[in-house]
Amino acid sequence: MVRSCALKAFTQKPRSFATLRMTKAHGVRTGAGAVGFGARVKLHDRAGDTMIEVLAALLIVVLATLLLATMSVTAVNIINRSSAEMDKTYQVESGLAQAVANPGKPLPAGIAKSSAPVTLTVPGDSLSPLSLDVALFKSENGLLACYCIPPKAGA
């Protein structure tokens, strides 16, 4: 967009040497040179940034860096806590699987067997619902549980 040209001759490509001279003269008068309109005025501008502006920009940069560092540290802490919880969960799941697979052997650490008898009723058709006595195993924190059908005493 041409800001300072009012004549159509200054906005078009010069068709003759005289028009080229007029365009150059107009550019020198208005501060526009070969670089572009207004560029020469900006090169000769002596006004600088004030100390307040520099300090405000520096404050913004420092705050952005501080927020980024805080966000990174928080993310690392969350990942570490999540990994620790997942490791505990995997250990409990493994213990539950061992308890179910080997009901006669001692229970792994962190696993408890229910002392009260537990009956599981599976709905079937209306004439014959299925009831099973099962062994219930729970983790010590109570978040995970599983059951198995204990083997018959004579089997």
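Reply: Start with one residue. Leu55 counts as partly exposed, because its relative accessibility is 45% and that class lies between under 20% (buried) and over 50% (exposed). Keep in mind that this is a predicted model.

Me: Where does Leu55 lie?

Reply: Leu55 belongs to helix α4, residues 51-101.

Me: Which residues make a nonpolar surface patch with Leu55?

Reply: For a patch, look for nonpolar side chains within 5 Å of one another, on residues with over 30% relative accessible area. Here Met51, Val54, Leu55, Leu58 and Val62 make one of about 480 Å².

Me: How do I read the reach of α4 from its first C-alpha to its last?

Reply: Compare the reach with the span expected at 1.5 Å a residue. α4 has 51 residues and reaches 75 Å, close to the expected 75 Å.

Me: Which residues of α4 are buried?

Reply: Buried means under 20% relative accessible area. In α4 these are Val92, Gly95, Leu96 and Ala99.

Me: What covers the buried residues of α4?

Reply: Read cover through contacts, heavy atoms within 4.5 Å. The cover includes strands β1 (111-113), β3 (130-139) and β4 (145-148).

Me: How do the elements run from the N terminus on?

Reply: The order is α-α-α-α-β-β-β-β, with four helices and four strands in the protein chain.

Me: How much of the protein chain counts as buried?

Reply: Of its 155 residues, 12% do. The chain exposes about 12,600 Å², and carbon and sulfur atoms supply 64% of that area.

Terms used:
Residues numbered from 1 in each chain as written. Predicted model: local features only at pLDDT ≥ 70, side-chain atom pairs only at ≥ 80, totals over all residues. Heavy atoms only, no water. Helix = DSSP H or I, 4+ residues; strand = E, 2+ residues; numbered from the N terminus. Buried < 20%, exposed > 50% of the residue type's maximum accessible area, 1.4 Å probe, protein only. Areas by Shrake-Rupley, 256 points an atom, 1.4 Å probe, with all protein chains shown as cover. Patch = residues over 30% accessible without salt bridge, like charges linked within 9 Å, V, L, I, M, F, W, Y side chains within 5 Å. Salt bridge = Lys/Arg side-chain N within 4 Å of Asp/Glu carboxyl O. Expected span 1.5 Å × (residues − 1).
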